[in-house]
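Hello,

Here is the structure you asked to look at. Please open it alongside this note.

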Amino acid sequence: MAPTGTFVQVCRPMTLGMWSLLLLWGLATPCQGLLEKVGTLARIDKDELGKAIQNSLVGGPILQNVLGTVTSVNQGLLGSGGLLGGGGLLGYGGVFDVVEELSGLKIEELTLPKVSLKLLPGFGVQLSLHTKVGLHGSGPLGGLLQLAAEVNVSSRVALGVSSRGTPILVLKRCSTLLGHISLLSGLLPAPLFGVVEQTLFKVLPGLLCPMVDSVLGVVNELLGTALSLVPLGALGSVEFTLATLPLISNQYIELDINPIVKNIAGDVIDFPKPPKPPNPPKPIKVPPKEDHTSQVVVPLYLFNTVFGLLQTNGALDIDITPELVPSNVPLTTTDLASLVPEALGNLPPGQQLLLSMRVKEAPSVTLQNKKATISIPANIHVLSYHPKGTHEALFELNAVLTLNAQLAPSATKLHLSLSLERLSVKLASSFAHAFDASRLEEWLSQVIRVAYVPKLNVNLDVGIPLPKVLNVNFASAALEIIENAIVLTVAS
């Protein structure tokens, strides 16, 4: 398997929806194990969570839905159809008959809340939404009555795991802190002013706490997208799942995400691991995350698996014919004769050549010393080329291509661009005479650079997928190559 972040307070208890399991955990610490033993590690700064919450309020209908609920359900807080009128708490038959004179008082305005949050290690999030409520209605002495009240909606939110195995924020407790109430227009006797205050004190939790639930619903959708199926073009796909329980510190949420690679048929791919070295490497720590930054760590395993998929799909194989190389690159028996004449036998000069390259083993990727290197073992068959006839085999080479990888992040993936660093070849067999194959390395390197490497880069356009957590964009991230992993860090 794949290897595997001075107000009056009224409280409103919350009930849990249909979700399978709430898991609470302690303070997150940097990973102490080998990076080969972790998946794709994502550390999301609390600033990004704050942005997601703020954006859910700005870009969606959440605030308007709250107003709609207040208007249509309550039909005014103090009017004949409201909580205090017409047989309500303080209407006819109640304590103060005069309250009925306040008709149709409704919440008509709700300013965009100011979001503030604090991460709670071992639990989740303390979330506060500071807003101002505008109330309109008819006053007891006639005319328009306008009031404004400052309100802080405070909630405790647990971080858990949903039935789908995705991170989820669940509202555990919500309360409203009622601040200053201002009379903006109209006349309101002091006794009634107190009634309004007490009424808001009673009803605001039921009106505003559902807004928090709606916000968390939007944010949970964003958290859920981190664990999704990411296509790899014709190769297959990568499914991201939680490898371990999420962790939460006072500055960030840490998700250890397990990348499960599948081929185009949907079968899980698990390529053989290389043999362990005699002296096990020392444990490597994930670099610490600075405040106000988010971080994603892409493991070596994911690189090796993507290249393994390329190999099993034949995407690393190529037949290099004269049509694929420019005219200034020699690909005839005449050019070959100047290097290894003994390899040609009785072939006349001027014959075109065909290089048939086959990769029968998965390439290996090395990430260390701030450098990314790919090693591709290949068999190269050299034949005389007859476009409409039968090709004649000349000799076979065992080759190892060492390529440097330039890495560049985008919003969704890590892009690779390869260049040939060196080529080493050994003679596997010859239909004429044995020869020193190293004399061909410079010539073959020239051919591979112009004909093979560009094909590789086209096939690598699928890139290495990145998990999408809270829409954090890593396109402008700083990239660091450490041993067995790539670290991307972006400012919040």
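**Confidence**

This is a predicted model. The mean pLDDT of the protein is 81, and 80% of the residues reach at least 70. Two stretches need caution. Residues 1-38 stay under 50 in pLDDT, yet the model gives them 131 contacts beyond four places in sequence. Residues 68-101 also stay under 50; for them the model has 72 such contacts. Where pLDDT is low, the predicted coordinates should not be read in detail.

**Helix α3**

Helix α3 covers residues 190-224, which makes 35 residues. Does its length agree with its residue count, or disagree? At 1.5 Å a residue the helix should span 51 Å, and its end C-alpha atoms are 51 Å apart, so the two agree. The helix still has a kink. The bend is about 45 degrees and lies at V203.

Start with S128. It is found in strand β5, residues 124-138. S128 has a relative accessible area of 15%, under the 20% cut-off, so it counts as buried.

Now V400, in strand β17, residues 392-409. V400 has 33% relative accessibility, which lies between the cut-offs of 20% and 50%, so V400 is partly exposed. Which residues does V400 contact, leaving aside neighbours within four places in sequence? They are S375, I376 and P377, together with R422, L423 and S424. Take I376 from that list: I376 and V400 are 24 residues apart along the chain, but their C-alpha atoms are separated by 5.6 Å.

Most residues other than glycine have a negative phi. Here are two with a positive value.

- K370 is not a glycine, and its phi is about 60 degrees. K370 sits in the loop between β15 (364-368) and β16 (371-384). Its relative accessible area is 73%, over the 50% cut-off, so K370 is exposed.
- N471 is also a residue other than glycine, with a positive phi near 60 degrees. N471 lies in the loop between β19 (464-465) and β20 (478-482). At 44% relative accessibility, N471 counts as partly exposed.

Best wishes

How values were computed. Residues numbered from 1 in each chain as written. Predicted model: local features only at pLDDT ≥ 70, side-chain atom pairs only at ≥ 80, totals over all residues. Heavy atoms only, no water. pLDDT = per-residue confidence, 0-100. Contact = heavy atoms within 4.5 Å. Helix = DSSP H or I, 4+ residues; strand = E, 2+ residues; numbered from the N terminus. Buried < 20%, exposed > 50% of the residue type's maximum accessible area, 1.4 Å probe, protein only. Expected span 1.5 Å × (residues − 1). Bend = angle between axes of the 7 residues up to and from the residue.
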